[in-house]
Amino acid sequence: MASPRVFSLQGQGLKFDTKSDIEPYLEKLRAIDGLEEVHLGGNTFGVEACVALADALKGNQTLKVADFADIFTGRLITEIPAALQALCDALITTPALVELNLSDNAFGGRSAEPMVNFLTNNRTFSVLKLNNNGLGVWGGTVVAKALYESAKLSKSEGKTSNLRTVICGRNRLENGSAPVWAEAFSEHGGLVEVRMPQNGIRMEGVEALAKGLRACPNLEVLDLQDNTFTEAGSRAIASALPAWPKLRILNLSDCLLGPKGGIALGTAFTKGSNPKLQTLKLQYGELDHRSLNLIATAIKDHWPSLTTLELNGNRADPEDDCITNIKDALESHGNEDALDELDDMEEAEEEEEPEHPAVEEAEELDREEAESVSKTGNESLSPKKQVDATADALANLMSKVSLGQPSAGD
């Protein structure tokens, strides 16, 4: 049963172009005493309708949740900034506001500016959801700068930031906006949840984000799925893990961690800096048996509460010892069902065996002799004679190399 303090048009497929279109619904909204939540997703609002809605919400003293996700379907990109500006400005002085959700609206970068006044000047809200808005580098930078300025204003007034959750995935933020986000995160040191999946952020951007998030000791949820880490980004997150002792959920799936990056993370896990971890997602990260064994050690020694573990798509056979070790570690805590399916694992790459020292020596002699031949005038010979001279020199060198006598058992 819906709460009497909630106004919802969720999923009704209504179209509001004018003030007269929306007025019958606004009468119902105004009639709710102590209104706490507004949910409008799955409908479409034009500029005039948004201005009327904004007028109805402005000055509200009890509103906690403004859920404006998916409210501009079919609207022109030229309409959205003015409509968004009206809604955001109406919420600037809402003292009880906890959450603003603007996800799944095709803003593009040009619709970042209309949010700035709200993001900078309403310092009571704690949850910001901007998922799948197409902000791009420029729009992401504008939003991050506004959050940074908000934190600075709070500090100048002797107050701490109330921001606790930032969800900004699928926005093509890329490396260009990452340093600004890092600065904003560093200033909002009370952050508990940060989700930024599928943003095209590469290793340099990941390094910046990790540095900024180190200033957030209460971080419980970090989701950076489907960005590109490689070894450098993996090491940056590994170095930051000790700063997050309350971490419960870590999602680094589809991040191209790489074998060395996996080892860096696995080694950090074994230090026990994150004893409250409940969910770990590392799918399709090119992890091999070395990092998987380190994860097994971390589970056994430090993670009694790990109830969700996703490792599909990495470089190991489900029957390998490293997977058995992980299963045994989970079972030791009564969490044998934690490991997700392993039906798309890659074949482990064979490690190259080191060559015999004599072969390495021969190859080095080859290179030196080839350089010597080049420097002593062979360039004046015909191509065929150059090849013959080089071949004779290399054959002479190889005759000097001994691979040792075989043993009796060979």
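So, one term before we start: buried means under 20% relative accessible area, exposed means over 50%, and partly exposed is in between, using a 1.4 Å probe and protein chains only. Keep in mind that this is a predicted model, where local features need pLDDT of at least 70 and side-chain atom pairs count only at pLDDT 80 or more, while totals for chains, interfaces and linings use all residues. Residues are numbered from 1 along each chain as its sequence is written, and side-chain values use heavy atoms, with hydrogens and water left out.

Okay, the sheet. When I say helix or strand, I mean DSSP runs numbered from the N terminus: H or I with at least four residues for helices, E with at least two for strands. Two strands pair if DSSP finds at least two bridges between them. Here 11 strands make an open sheet with parallel pairing, and the order is β1-β3-β5-β6-β7-β8-β9-β10-β11-β12-β13. At the edges you have β1 (6–8) and β13 (308–310), each with a single partner strand, so one side of each has no neighbour in the sheet.

Let's zoom in on one pair. β8 (residues 165–167) and β9 (residues 193–195) run parallel and are joined by three bridges. Opposite Thr165 you find Glu193 in β9.

Is Ser161 buried or exposed? Its relative accessibility is 13%, so Ser161 counts as buried. And what does its side chain touch? The Ser161 side chain makes a polar contact with the side chain of His188, at 2.5 Å. By polar contact I mean a pair of N or O atoms within 3.5 Å; within protein, one must be able to donate a hydrogen and the other to accept it, and residues adjacent in sequence count only if both atoms are side-chain atoms.

Most residues other than glycine have a negative phi. Arg170, though, has a positive phi, near 55 degrees. Arg170 sits in the loop between β8 and α6 (174–187), and is partly exposed at 43% relative accessible area. Thr230 also has a positive phi, near 50 degrees. Thr230 lies in helix α8 and is partly exposed, at 23% relative accessibility.

Last stop, α8 itself, residues 230–240. Its buried residues are Gly233, Ser234, Ala236, Ile237, Ala238 and Ala240. What covers them? The cover includes α7 (203–213), β10 (221–223) and α9 (258–269).

Methods: Contact = heavy atoms within 4.5 Å.
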